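Let's take a look at the salt bridges in this protein. Have the sequence and the 3D view ready as you read.

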Amino acid sequence: MKQLPTEYLGEVDTTLAKPTRIHQLRNSGTTNLWIKREDELSSGISGSKLRKYSSLIPFLKKSEIELVAMVGGPNSNNLVGLAQLLKENSIPQVAFIREPGDKQLRGNALLLDMLLNKEEIRFVPRNQWKDADKQARSFLDQSNVQRTYILSEGCFGIESLAGAMTLSEDILRNEKEENLIFERIYIDCGTGLSAMGLILGLDWLSTAASPKREVVVTLIAETESGFLKKLNLLRSSLEQKSESEIVERTNIRLLKPKLSPKFGSVNKSLFQECRDIARSTGIVMDPTYSVKHYHIAKQDLSSNPSKAPSLFIFNGSSLGILGFQDKLAP
Ligand SMILES: *Cc1c(COP(=O)(O)O)cnc(C)c1O
C-alpha cells in the first residue's frame, strides 16, 4: 500500500499517533453506524489534537525550538493539549490567552491554570484580541532566545498535516481488520485541519480502483467557503512539496450543526442531548464539538440513509464536560 507523504511533510511520532479501535454504535437508533474512538488516544488531550501534535512536536524538536508562544481562548482544547505535550518534551512555552469573560476557574481555564505557572501565561484584553498574534510575535522577538516559534489559534499549519493524515491510514487499517468499507465518514471541524488531513490522506492513499467515499464535515467553527479555500491551499502546498498531483477522489459534503449552532454557545437541548447520548451509547461526549457533531450526523443519516457502513469520528474527550458540570446536572 502507498505510504503517507512524511518524506515531504516531516516525521510523525507514531507513539503519539497510535492505532485506535472502532466499534458499532448499536443503540444509536441508526443502522450500521460505527464510531472511531479517537478519544482513547489520550486521557487528557482531545484525540484529533494528538494526531496533529504527532508531527508538530517532532518538527519543533528537529528545529531545536527554544521557546514557543501559543495563542488561544481560555476554553481552548488546543492550549490545554499543547501545554501538556510541550512540558513533556521540555520545550519552554508562553500562552497568550484571551481574557476570559467568566472569571471562575472551570473547565479548560482551570486545566490551563493547573498546567502553567504565572510566567507562562499572558492574558490579552478582549479589545486587543485581533492583535494577539502580533503581541506574541513581538514578545518572542524581544526574548533573548534565538530559535522561537509561534503557534496560532488551533495549530492550523503544514507542520501538523502529516500527523492529521495518519487518521486516514488508520481507518483503512480498521476496515481491513473488520472486513468492511466505510462509504461515508462523519468528522467535525474547528480550523478544519483534522478533516482536511483525513480528506487529503484518503486522496493520497487512493487509486482509481479504490472504493468511492464521502467525507461529511460538521462545520463547528468554520464557514463553507473558508473550509474549501483552506483545503485547496493545503492540497496545492502538498502537491508542490511532493511534486505530484493529488487527484480529488473523495466526495465532500459540508454540514452546519443544528443544536446551539454558534461556536462556543451552549443551551439546554445541547446538555439534554449530551445526557441522551451517554445513556444510549455509553459514551460521554464533549458538548462543544462532539455532541453537536453527533446530533447532526444522526439526522443526516436518517434523511440520507446509506446501505454501506458509515463511520463517526469521535475526536473529542469526556474531559470536555468539565466546564459544564453545573449545567449538566438535572
Ligand atoms: C480541536 C477539536 C476539533 C477541531 O480540530 P481542527 O483540526 O481544528 O478542525 C474538533 N473536535 C474536537 C473535539 C476538538 O477538540
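Arg21 is partly exposed, with 43% relative accessibility. (Buried means under 20% relative accessible area, exposed means over 50%, and partly exposed is in between, using a 1.4 Å probe and protein chains only.) This is a predicted model, where local features need pLDDT of at least 70, side-chain atom pairs count only at pLDDT 80 or more, and totals for chains, interfaces and linings use all residues. Residues are numbered from 1 along each chain as its sequence is written, and side-chain values use heavy atoms, leaving out hydrogens and water.

So who does Arg21 pair up with? Its salt-bridge partner is Glu40, with the closest N and O atoms 2.8 Å apart. (A salt bridge here is a side-chain nitrogen of Lys or Arg within 4 Å of a carboxyl oxygen of Asp or Glu.) Arg21 sits in the loop between α1 (6–9) and β1 (22–24), and Glu40 in the loop between β2 (33–37) and α2 (47–62), so the pair ties together parts that are 19 residues apart in sequence. (Helices, H or I with at least four residues, and strands, E with at least two, are DSSP runs numbered from the N terminus.) Glu40 is partly exposed as well, at 40%.

## A pair within one helix

Glu177 and Arg173 form a salt bridge too, at 2.9 Å from N to O. They are four residues apart in helix α6 (residues 161–178), which means about one helical turn separates them. Glu177 is exposed at 58%, while Arg173 is partly exposed at 26%.

## The wider picture

Both Arg173 and Glu177 belong to a salt-bridge network that also links Lys36, Glu38, Arg51 and Asp170. Across the whole structure, a search finds 23 salt bridges.
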